[in-house]
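Look at the structure, then read on.

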Amino acid sequence: MKLSDLPEGVQVVAAETLSQIIAMNVYDKDNTLERADFIAKAFLALYQHE
C-alpha cells in the first residue's frame, strides 16, 4: 500500500504534518525526503491498524 492509496483526508493530514515539521525546523532540511518517507510509513501503519 502507498500513501496515495489512503483516503484523501488522511493524505492531507500527512502532508500537513510534514509541512509543520519542516516549518518548525525540527530536523535538518537536507533530510526532507527521509522525513517524508518516515511520515508516509507512519500514516500507513496507523491506517492499517484501524
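Q: Is alanine 45 buried, partly exposed or exposed?
A: Buried means under 20% relative accessible area, exposed means over 50%, and partly exposed lies in between (1.4 Å probe, protein chains only). The relative accessible area of alanine 45 is 34%, so alanine 45 is partly exposed.

Q: What kind of model is this, and how are its residues numbered?
A: This is a predicted model, in which local features need pLDDT of at least 70, side-chain atom pairs count only at pLDDT 80 or more, and totals for chains, interfaces and linings use all residues. Side-chain values use heavy atoms, without hydrogens and water, and residues are numbered along each chain as its sequence is written, from 1.

Q: How many helices and strands are in the protein?
A: Helices (H or I, at least four residues) and strands (E, at least two) are DSSP runs, numbered from the N terminus. By that rule the protein has two helices and zero strands.

Q: Which helix holds alanine 45?
A: Alanine 45 is 9.9 Å from methionine 1 in space, C-alpha to C-alpha, and 44 residues from methionine 1 in sequence. The helix that holds alanine 45 covers residues 32-49 and is α2.

Q: What distance does α2 reach from its first C-alpha to its last?
A: The expected span of a helix is 1.5 Å times one less than its number of residues. For α2, with 18 residues, the expected value is 26 Å, and the reach is close to it, at 26 Å.

Q: At what angle do α1 and α2 pack?
A: Axes are lines fitted to C-alpha atoms, for helices over the stretch in contact, and angles run from 0 to 180 degrees between N-to-C directions. The axes of α1 (residues 8-23) and α2 are 10 Å apart. The angle is about 145°.

Q: Which residues of α2 take part in the contact with α1?
A: Contact means heavy atoms within 4.5 Å. From α1 come Val10, Val13, Ala14, Thr17, Leu18, Ile21 and Ile22. From α2 come Thr32, Arg35, Ala36, Ile39, Phe43 and Tyr47.

Q: Which residues does threonine 17 touch, not counting residues up to four places away in sequence?
A: Threonine 17 lies in helix α1. With a relative accessible area of 26%, threonine 17 is partly exposed. Apart from residues up to four places away in sequence, threonine 17 touches Ile39 and Phe43.
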